[in-house]
Amino acid sequence: MFKISPLVTALALTCSISVASAWETLPTEAPAPADNATTAEKVAVGQMLYHDPRLSSTGTVSCASCHNTMLGGEDNRPNSMGVNGQTGGRSAPTVWNSAFNKVQFWDGRAASLEDQAAGPVTNPIEMGMKSWDDVVARLKVIEGYQQAFEKAFGKDAISKDNTTKAIAAYERTLITPNSPYDKYVGGDKSALTAQQIRGMEKVAELGCTACHSGPAFNGAGMFQKFPVIGNSYFEAQYHFKKDKGLAEVSKHPADTNMWKVPTLRNIALTAPYFHNGSIKTLEQAVTLMAQLQLGKDLSKDEVADIVAFLNGLTGEFPKQKMPALPATPGTTFN
Ligand code: HEC
Ligand code: HEC
């Protein structure tokens, strides 16, 4: 996962700039790993766990607190608030279409949705559980979960492994196809406005899609430096370089300020922007990307065209029917 050298990525970048963008539509199904086929029963228990605040020490924070599935799949905050009002340094990415990320987290430190789901529950500033043994013990006494896990995995199946598998299976259903962009690429030429088409052409011409490539505009797990071009004025305001990104986990100096290329799907819904959530509007995010990644100053009209195009990446959200969670009468938290 950390083997990509800046040289290789720089090379890939130059190469892909020279080829025309292949516009791809979002698949309507996400691939699942061999040992965690997506089944309706797993998705059902996964959806409950995802929305259950009892997976947090205080009984107040669920995955959905920071990744709201009734909205854009995150919390629209610069940094998320976990148990006891604690905040971290990074902004919550959307869970919508996270199934199409090759690796998870801004720095790509989790290899799969299953790996990722194990993290927040015992993270002291997110869900704050002391250990996964405590989580499993808490779930095991809930009769409704015993039954739901049995249906999904077989007898006596409540474990850390199956909990993260179920959550990941549910996340693989969080896909938003049929955006105006997808319809346009699929042949409906009236699905995008003239301004959106100008923005789409601009995005390819400038080279945004050299990094934000593929059906999810996420570079299929590619890491890139941000900012590519140093700018002390912006740095003083937004502190983009403070967080070392990939280097925080790999400890390789060459990975400093390298980030997984994030998706642009539903980007209109997921302000504020960038790993530290320091940028409030999509207009400003686009302006800064052009300046700091490509060394280009865009006109107001060009920014407006690109933003119009990005608005066309908002897809159709599958209806979420909130699950009734199995009750725990007589339980007190804290
Ligand atoms: C307190 C807020 C909070 C809670 C609770 C939380 N997350 Fe997150 N989540 C974040 C933040 C912040 C990040 C980015 C952290 C990073 O990249 O270092 C993240 C990253 C992710 C990602 C990676 C997405 C991507 O594009 O890389 C996924 C998937 C995800 N969370 C799912 C979950 C699931 C499943 C749960 C529940 C088990 C959960 N989160 C609980 C805040 C939260
Ligand atoms: C050299 C690679 C590269 C190029 C070129 C590039 N981007 Fe990015 N883009 C990234 C990376 C990496 C990030 C994540 C930066 C961060 O927050 O650390 C990002 C972040 C973004 C975000 C914010 C995403 C979020 O969830 O907060 C938007 C919007 C965006 N880019 C749009 C564009 C547009 C439009 C262009 C062309 C003008 C462009 N990008 C060009 C690599 C690139």
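These legends describe close-up views of a predicted model.

**View 1. The shell around ligand 1.**
There are 27 residues around ligand 1; Cys63, Cys66, Ser80, Gly82 and Pro120 come nearest. Two helices, H3 (63-66) and H4 (113-122), each supply at least two residues of this shell. H4 gives the largest share, five residues. Sorted by class, the shell around ligand 1 holds 15 nonpolar, nine polar and three charged residues.

**View 2. The shell around ligand 2.**
Ligand 2 has 27 residues around it. Those that come nearest are Cys208, Cys211, Tyr273, Phe274 and Met289. Helices H9 (194-206), H10 (208-211) and H13 (282-294) are the elements that give two or more residues to this shell. H13 gives the most, with six residues. The shell around ligand 2 has 21 nonpolar and six polar residues, but no charged ones.

**View 3. The two domains of the chain.**
Domain 1 is made of two stretches, 6-27 and 177-311. Domain 2 covers 40-171. Taken over C-alpha atoms, the centres of domain 1 and domain 2 are 28 Å apart.

**View 4. Where domain 1 touches domain 2.**
Here 26 residues of domain 1 are in contact with 22 residues of domain 2. On the domain 1 side, helix H12 (246-250) and strand S2 (258-260) each supply at least two residues. H12 provides the largest share of that side, three residues. By class, the domain 1 side that touches domain 2 has twelve nonpolar, ten polar and four charged residues.

Definitions and conventions
Residues are numbered from 1 along each chain as its sequence is written. Chains are lettered from A and ligands numbered from 1 in the order in which they are written. This is a predicted model: local features need pLDDT of at least 70, side-chain atom pairs count only at pLDDT 80 or more; totals for chains, interfaces and linings use all residues. A residue is near a molecule or strand if its C-beta atom, placed from the backbone, lies within 6 Å of it. Helices (H or I, at least four residues) and strands (E, at least two) are DSSP runs, numbered from the N terminus. Ala, Val, Leu, Ile, Met, Phe, Trp, Tyr, Cys and Pro count as nonpolar, Asp, Glu, Lys and Arg as charged, and the others, Gly among them, as polar. Domain bounds come from an automatic or database domain assignment. Two residues are in contact if their C-beta atoms, placed from the backbone, lie within 7 Å.
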